[in-house]
Amino acid sequence: MKLCVASTNPAKTGAVASALEKLGIQAEIKGQAADSGVSAQPFSIEETRSGAINRARHALLSGCDAAIGLEGGVFELEGKLYLCNWGAIATAEGAVYIAGGAQVPLPAEIEKHLRAGEELGPVMDRFARETGIRHHKGAIGILTAGKLNRVELFSQIVILLLGQWQANSD
Ligand SMILES: O=P(O)(O)OP(=O)(O)OP(=O)(O)OC[C@H]1O[C@@H](n2cnc3c(O)ncnc32)[C@H](O)[C@@H]1O
Ligand SMILES: [Mg+2]
């Protein structure tokens, strides 16, 4: 099976590889940049989820058995911003399955910069005095003292996607 991943971010391609390994599924993974069709920093659940679906649909056009889109974003609930992550798998048979991941509130300090129009990636790097956080541990890694990283978070979403595909294929 050839599986396209709609990003070259190693946190996303790594998450797909890790999910496949956990499920014992053999597949060739191809990471490629794909248009999310939403803003670089999605600001609602709807926008984040749409970004994942658009990525998957676009990546499927490059000729794979299925394509996985993963998107990070934030949304507001009772006046606070929360981190959210969504995923979608588009299959060559024309099906699309969707799943959401863990959500945590963002510290006020980070929230302030996002509301001023900055992207979470660079804001997290400054906050944690590190570089490229979005490529590995992610905001979730910083906010949970490394107990859960971005690869593991996306990996669980990918398991939810592959599981739904399988549940609907038998
Ligand atoms: O190359 P792509 O696939 O676009 O990967 P990305 O890291 O930019 O990831 P997203 O586009 O899905 O994320 C949207 C924005 O939110 C940021 N972001 C989302 N989740 C994050 C996380 O866990 N840690 C750091 N930045 C994150 C990211 O930098 C983007 O500005
Ligand atoms: Mg991005």
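Author: Two strands count as paired if DSSP finds at least two bridges between them. This model is predicted.

Reader: What makes E4 and E5 a pair of strands?

Author: Five bridges join E4 to strand E5, residues 96-100. At least two bridges are required, so E4 and E5 count as paired. The two strands run antiparallel. One of the facing positions is Gly87, which stands opposite Ala99 in E5.

Reader: How many residues lie between E4 and E5 in their hairpin, and what is the phi of Gly94?

Author: Four residues lie between the strands of this hairpin. Gly94, in the turn, has a positive phi of about 100 degrees.

Reader: How do you know that E3 and E4 are paired?

Author: Strand E3, residues 66-77, and E4 pair over 12 bridges, in the antiparallel sense. The requirement is at least two bridges, so E3 and E4 count as a pair. Val74 stands opposite Leu83 in E4. The hairpin of E3 and E4 has two residues between the strands, and Glu78 there takes a positive phi near 45 degrees.

Reader: How many bridges are there between E4 and E6, and in which sense do the strands pair?

Author: There are two bridges between E4 and strand E6, residues 104-105, in the antiparallel sense. The rule asks for at least two, so E4 and E6 are also counted as paired. In E6, Pro105 is the bridge partner of Tyr82.

Reader: How many of the residues of E4 are buried?

Author: Nine of the 12 residues of strand E4, residues 80-91, are buried, and the strand is mostly covered.

Reader: Why is Val158 called buried?

Author: Val158 has 26 other C-beta atoms within 10 Å. The cut-off for buried is 20 or more, so Val158 is classed as buried. Its place is in helix H6, residues 150-167.

Reader: Which residues does Val158 touch, apart from its neighbours in sequence?

Author: Leaving aside residues within four places in sequence, Val158 is in contact with Ala15, Val16, Ala19, Ile68 and Gly87. Contact is called when the C-beta atoms lie within 7 Å. Val158 and Gly101 are 57 residues apart in sequence, with their C-alpha atoms 9.5 Å apart in space.

Reader: Which members of the largest nonpolar core touch the most other members?

Author: Ala56, Ala67, Ile68 and Val158 do, out of the 46 residues in that core. Nonpolar side chains tend to be buried together in soluble globular proteins.

Reader: What makes Arg115 exposed?

Author: Arg115 has 12 C-beta neighbours inside 10 Å. Exposed means 12 or fewer, so Arg115 falls in that class. Arg115 lies in helix H3, residues 108-115. Arg115 and Leu81 are 34 residues apart in sequence and 9.2 Å apart in space, C-alpha to C-alpha.

Reader: Is Ser39 buried or exposed, and what decides the class?

Author: Ser39 has 11 C-beta neighbours inside 10 Å. With exposed set at 12 or fewer, Ser39 therefore counts as exposed. Ser39 is placed in the loop between strand E2 (28-31) and helix H2 (45-60). Ser39 and Asp170 are 131 residues apart in sequence and 37 Å apart in space, C-alpha to C-alpha.

Reader: What is the phi of Arg129?

Author: Arg129 has a positive phi of about 55 degrees, although it is not a glycine. Arg129 is found in the loop between H4 and H5. With 6 other C-beta atoms within 10 Å and a limit of 12 or fewer, Arg129 is therefore exposed.

Reader: Which residues come nearest to ligand 1?

Author: Ser7, Gly72, Glu119, Gly121 and Gly138 come nearest, out of 18 residues around ligand 1. E3, helix H4 (120-128) and helix H5 (138-143) are the elements that give two or more residues to this shell. By class, the shell has six nonpolar, seven polar and five charged residues.

Reader: Where does UniProt place the domain?

Author: The unreviewed UniProt entry places "domain: Non-canonical purine NTP phosphatase/PRRC1" at residues 6-164. Over residues 6-164 the chain is 43% helix and 22% strand, and the end C-alpha atoms are 19 Å apart.

Conventions:
Residues numbered from 1 in each chain as written. Chains lettered and ligands numbered in written order. Predicted model: local features only at pLDDT ≥ 70, side-chain atom pairs only at ≥ 80, totals over all residues. UniProt positions renumbered as here; feature names shortened; annotations may be inferred. Near = placed C-beta within 6 Å. Nonpolar A, V, L, I, M, F, W, Y, C, P; charged D, E, K, R; others polar. Core = buried A, V, L, I, M, F, W, Y, C linked by C-beta atoms within 7 Å. Contact = placed C-beta atoms within 7 Å.
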